[in-house]
Amino acid sequence: MDEDRVALVTGAARGQGAAIVTRLLRDGFRVAACDRRIDELAKTVDALGTDKVVAITLEVTSEEQWATAVAEVVDRFSGVTALVNNAGVLHRASLTEETPGGFTDSWRVNCLGPFLGIRAVVPHLRGRAGAAIVNTCSTGAIRPFPGHAAYGSSKWALRGLTQVAAVELAPAGIRVNAVFPGPVQTPMLDDTTQSRLAARALTGRIGTPQEIADAVAFLLSGQATFITGSELTVDGGQSLQIG
Ligand SMILES: NC(=O)c1ccc[n+]([C@@H]2O[C@H](COP(=O)([O-])OP(=O)(O)OC[C@H]3O[C@@H](n4cnc5c(N)ncnc54)[C@H](O)[C@@H]3O)[C@@H](O)[C@H]2O)c1
């Protein structure tokens, strides 16, 4: 059973994606670690020192690159049973300063990318035991943060896409869930932002990439076989706070 589980993880060069790759390997998956940062991805994957992971170049907004990446995974590991749409970009601007380009770029990576990923991978998930998809949303898709028009709305859209996919793919035995991280210690947040968010957090700290990886691993696991369309908030209580 373990040998049959193959996960494709996007945004795997660093941050939460790299933590998810490490955690899924530990759980017995073989993993396709995908990212557009090719050099950083190669270093991350080399450091794992196992042939159960392969580094694949993938720009998630490119339908062509999705087709090539999925073909490479299937060729290398004889299939794919799980997809983690983790890649994302954070772009902040006030409503009046936001540009159509900035807005569109966020949406393309954070929502179109997962859509293309689901389209590319679903034909391979059909009929596979334990088939599952996890999309990485954000507490920005639960609460409104100022300056997050592009990012927040793209993650709200991804939240909606997750629900539609869960409904549409349930009859095919494919579970689709989402994680909603609060602030996490990754390069996405600069040091000043990490300190500011830790200072106002209920728990006095922000999350670690491993804590998000644990939630993703759970949703892909045999402990979550009756869970689909769920929204797992992993934020140390951030979304409970007002103001
Ligand atoms: N860090 C946080 O506080 C936080 C909070 C909530 C949600 N998230 C979400 O978690 C996910 C992971 O973020 P992270 O914190 O690890 O950030 P990160 O910036 O450290 O890593 C993101 C990775 O995604 C890759 N990526 C970005 N755009 C891509 C594209 N178009 N094609 C392929 N790869 C691409 C980057 O190269 C990078 O390796 C994102 O979806 C992010 O929006 C992060």
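**View A. Ser78 counts as exposed and lies in the loop between helix 3 and strand 4.** Ser78 is classed as exposed because 11 C-beta neighbours lie inside 10 Å; a residue is called exposed if 12 or fewer other C-beta atoms lie within 10 Å of its own, buried if there are 20 or more, and partly exposed in between, with C-beta atoms placed from the backbone. The structure is a predicted model, in which local features need pLDDT of at least 70 and side-chain atom pairs count only at pLDDT 80 or more, whereas totals for chains, interfaces and linings use all residues. Residues are numbered from 1 along each chain as its sequence is written. Although Ser78 is not a glycine, its phi is positive, at about 65°. Most residues other than glycine have a negative phi.

**View B. Val73 is a buried residue of helix 3.** Helix 3 covers residues 63-77; helices (H or I, at least four residues) and strands (E, at least two) are DSSP runs, numbered from the N terminus. Val73 counts as buried because 23 other C-beta atoms lie within 10 Å. Leaving aside residues up to four places away in sequence, Val73 touches Val6, Leu8, Ala32, Ile56 and Val80, a contact being a pair of residues whose C-beta atoms, placed from the backbone, lie within 7 Å. Gly237, by contrast, is 164 residues from Val73 in sequence and 37 Å from it in space, C-alpha to C-alpha.

**View C. Helix 2, residues 38-48, has buried residues and, on the other side, exposed ones.** Leu41, Thr44 and Val45 are buried in helix 2. Down the axis of helix 2, these buried residues fall within an arc of 90° and so line one face of the helix; the arc is that of the directions from the helix axis to the C-beta atoms. The buried residues of helix 2 pack against helix 1, strand 2 (30-35) and strand 3 (53-57), while Asp39, Asp46 and Ala47 are exposed on the other side of helix 2. After helix 2 comes Gly49, with a positive phi near 60°.

**View D. Strand 5, residues 132-136, is mostly covered and runs parallel to strand 4.** In strand 5, 5 of its 5 residues are buried, with Ala132, Val134 and Thr136 on one side and Ile133 and Asn135 on the other, so that both faces are covered. In a regular strand the side chains alternate between the two faces of the sheet. Strand 4 (residues 82-85) is joined to strand 5 by 4 bridges, and two strands pair if DSSP finds at least two bridges between them. Asn85 has Asn135, in strand 5, as its bridge partner.

**View E. The shell around the ligand has 30 residues.** Gly11, Gly15, Gly88, Thr186 and Met188 come nearest to the ligand; a residue is counted as near if its C-beta atom, placed from the backbone, lies within 6 Å. Helix 1 (15-26) and helix 4 (100-125) are the elements that give two or more residues to this shell, and the largest share, 3 residues, comes from helix 1. By class, the shell around the ligand holds 13 nonpolar, 12 polar and 5 charged residues.

**View G. The protein chain has 7 helices and 7 strands.** From the N terminus on, the elements run β-α-β-α-β-α-β-α-β-α-β-α-α-β. The C-alpha trace spans about 50 × 35 × 35 Å along its principal axes, and 45% of the 243 residues are buried. Among contacts with a separation of 6 or more, 69% come from residues 24 or more positions apart.

Technical notes:
Two residues are in contact if their C-beta atoms, placed from the backbone, lie within 7 Å. Ala, Val, Leu, Ile, Met, Phe, Trp, Tyr, Cys and Pro count as nonpolar, Asp, Glu, Lys and Arg as charged, and the others, Gly among them, as polar.
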